[in-house]
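This report covers a pocket, an aromatic pair and a helix, in that order.

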Amino acid sequence: MQHALTLAELAKSAGEVPVGAVLVRDDVIVAEGWNRPIDGHDPTAHAEVMALRAAGRALHNYRFTGTTLYVTLEPCLMCVGAIVHARVARLVFGAHDPKSGAVESVCRAFELPGLNHRVIVAGGLLAEECGDLLKAFFQARRG
């Protein structure tokens, strides 16, 4: 998660919402990503999606069984869908997102019936550090 926080700082320095994600398999970083929707003119360029795209290129596959995705903010509904389709085994996130978090805060999308893959979830890792980074970013934007 520390590395994901470093990536979130990269997003922040680029004027993006500071969220970072790291995909790990067997204690080795497979791929990483950070928020880039503004820079990429791409509403789907969330940190999780960027990490999954990089993993596809690195692994020459679109399924990432046996991996853990670390992300500094609770994923939204779009990212939950991408995580399920990618067959990520485990998700570890930092701060909860009371506005659009689709893991525990707004809804529990991983628990929807009919999903053909289940993800093990752990939330709250370095939650204070992750949340403080986001709060400081938005406070600075508001002036």
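## Pocket, ring pair and first helix

The lining of the largest pocket divides by class into twelve nonpolar, five polar and seven charged residues. The model is a predicted one. The largest pocket holds about 610 Å³ of space. It is lined by 24 residues, and those closest to its centre are Val17, Leu73, Asp97, Leu134 and Phe138. Helices H2 (37-40) and H5 (127-142) each supply at least two residues of this lining. H5 gives the largest share, six residues.

Phe138 also takes part in the one aromatic pair that a search of the whole structure finds. Its partner is Phe137, and the ring centres are 5.1 Å apart with the planes at 80°. Planes over 60 degrees apart count as edge-to-face, so the pair of Phe137 and Phe138 is edge-to-face.

| Residue | Relative accessible area | Class |
|---|---|---|
| Phe137 | 6% | buried |
| Phe138 | 31% | partly exposed |

Helix H1 runs over residues 2-13 and has twelve residues. From its first C-alpha to its last, H1 reaches 17 Å, close to the 16 Å expected at 1.5 Å a residue. The buried residues of H1 are Ala4, Leu5, Leu7, Ala8 and Ala11. Seen down the axis of H1, these buried residues fall within an arc of 160°, so they line one face of the helix. On the face turned away from this buried side, H1 carries the exposed residues Gln2 and Ser13.

Technical notes
Residues numbered from 1 in each chain as written. Predicted model: local features only at pLDDT ≥ 70, side-chain atom pairs only at ≥ 80, totals over all residues. Heavy atoms only, no water. Phe/Tyr/Trp six-rings, centres within 6.5 Å; stacked < 30°, edge-to-face > 60°. Buried < 20%, exposed > 50% of the residue type's maximum accessible area, 1.4 Å probe, protein only. 1 Å grid on protein atoms, 1.4 Å probe; cavity = no way out; pocket = protein on both sides within 12 Å on 5 of 7 lines; lining within 4 Å. Points joined across faces, edges and corners; volume = space filled by probe spheres on them. Helix = DSSP H or I, 4+ residues; strand = E, 2+ residues; numbered from the N terminus. Nonpolar A, V, L, I, M, F, W, Y, C, P; charged D, E, K, R; others polar. Expected span 1.5 Å × (residues − 1). Arc of directions from axis to C-beta.
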